[in-house]
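Visitor: I would like to learn how to read a model like this one, feature by feature. Where do we start?

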Amino acid sequence: MRILLAEDDSVLADGLTRSLRQSGYAIDCVRNGQEADTALSTQEFDLLILDLGLPKLSGLEVLRRLRSRGSLLPVLILTAADSIEQRVNGLDLGADDYMAKPFALSELEARVRALTRRGAGGGATVIKHGPLSYDQVGRSAYINEQMLDLSARELGLLEILLARTGRLVSKEQLVDHLCEWGEEVSNNAIEVYVHRLRKKIELGGVRIATVRGLGYCLEKFNPANAEAGDGHK
């Protein structure tokens, strides 16, 4: 999941960025409303965390422009504790939730999980693929009820492949979803993440196919693969 954080308080922004990255999210951080509007106009995100008191362009104006473009991107607004009018205006303009400062990081992370789940279509929080199950809320994966030891990048990769089971996912799409805006990641790094994930899930017969020169595809589950129990390159 890729999140845009628009917050001009550097201490708060750095704290939120570290916390959310540790939870496995890719975070792009901008410090004013103009940068936020530009990023939202040119990049794809799964959630916007928006401070309403931004310089150059107010958070409310960023939100108004976002909704005027027809975007359904989930938006969590951050406001001062006493700014009830701002909260009301934000919700009227199409924000999905708000938090008043100061707030607990654990609560914000819970709100983020709920909004990204809603943005992905809501419904079941556990995705099943043969013996593999992935808990979108707890961000944990299991093969035959045994938890897999996956890094944040491997979890993000698994999320993307599961969301597109049976379809090609290009390396460019993986970079776009796994990495922060402006961060350069080589194709070799993507190949390493895929290789590590593949080793951990294919023992259960879950296969990631490589389409040379194009990308990867999580194959539809075939019980015969599980019975074969062999590796797959």
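Guide: Start with strand pairing. S10 and strand S12 (residues 215-218) are joined by two bridges and run antiparallel. Ser170 stands opposite Gly215 in S12. Keep in mind that this is a predicted model.

Visitor: Which strands make up the open sheet, and in what order?

Guide: Read the order across the sheet. Three strands form it, as S10-S12-S11, with antiparallel pairing. Strand S10 (169-170) and S11 are the edge strands, each pairing on one side only.

Visitor: Which helix lies across S10, S11 and S12?

Guide: Helix H6, residues 152-163. Its direction makes an angle of about 70° with S12.

Visitor: What should I know about side chains in a strand?

Guide: In a regular strand, side chains alternate between the two faces of the sheet. Now take a residue of S11. Val211 sits in this strand, which spans residues 208-211.

Visitor: Now a parallel pairing. How many bridges join strand S1 and S2?

Guide: Five, in the parallel sense. Strand S1 covers residues 2-6. Ile3 has Ile27 in S2 as its bridge partner.

Visitor: Is strand S2 mostly covered or mostly open, and how many of its residues are buried?

Guide: Mostly covered. Four of the five residues in S2 (residues 26-30) are buried.

Visitor: On to charges. How many salt bridges does the structure hold?

Guide: The structure holds 13. Take Arg69 and Asp37, whose side chains meet at 3.2 Å, N to O. This pair links distant parts of the chain, 32 residues apart. Arg69 is in the loop between helix H3 (59-68) and strand S4 (75-80), while Asp37 is in helix H2 (residues 33-42).

Visitor: Which of these two partners is buried, and which is partly exposed?

Guide: Asp37 is buried, because its relative accessibility is 8%. Arg69 has 40%, so it counts as partly exposed.

Visitor: Which residues are linked with Arg69 and Asp37 in a network of salt bridges?

Guide: Glu61, Arg64 and Arg65.

Visitor: What is the partner of Asp96 in a salt bridge?

Guide: Arg67, at 3.2 Å from N to O. Here too the pair links distant parts of the chain, 29 residues apart. Asp96 lies in the loop between helix H4 (84-92) and strand S5 (97-101), and Arg67 lies in helix H3. Asp96 is partly exposed, because its relative accessible area is 29%.

Visitor: Are Glu202 and Arg198 buried or exposed?

Guide: Both are buried: Glu202 has a relative accessible area of 6%, and Arg198 has 10%. Glu202 forms a salt bridge with Arg198, and their closest N and O atoms are 3.6 Å apart.

Visitor: Next, the backbone. What is the phi of Lys56?

Guide: About 70°, a positive value, although Lys56 is not a glycine. Check its setting next. Lys56 is in the loop between strand S3 (47-51) and H3. At 72% relative accessibility, Lys56 counts as exposed.

Visitor: What about the phi of Asn144?

Guide: Also positive, near 50°, and this residue is other than glycine. Asn144 lies in the loop between strand S8 (140-143) and strand S9 (146-147). It counts as exposed, because its relative accessibility is 52%.

Visitor: Let us end with packing. Where is Val206 found?

Guide: In the loop between helix H8 (187-201) and S11. Val206 has a relative accessible area of 0%, so it is buried.

Visitor: Which residues does Val206 touch, beyond those up to four places away in sequence?

Guide: His129, Pro131, Leu132, Ile143, Ile201, Leu218 and Phe221. Val206 and Asn222 are 16 residues apart in sequence, and their C-alpha atoms are 8.0 Å apart.

Notes:
Residues numbered from 1 in each chain as written. Predicted model: local features only at pLDDT ≥ 70, side-chain atom pairs only at ≥ 80, totals over all residues. Heavy atoms only, no water. Salt bridge = Lys/Arg side-chain N within 4 Å of Asp/Glu carboxyl O. Buried < 20%, exposed > 50% of the residue type's maximum accessible area, 1.4 Å probe, protein only. Pairing = 2+ DSSP bridges. Contact = heavy atoms within 4.5 Å. Axes fitted to C-alpha atoms, helices over the stretch in contact; angles between N-to-C directions.
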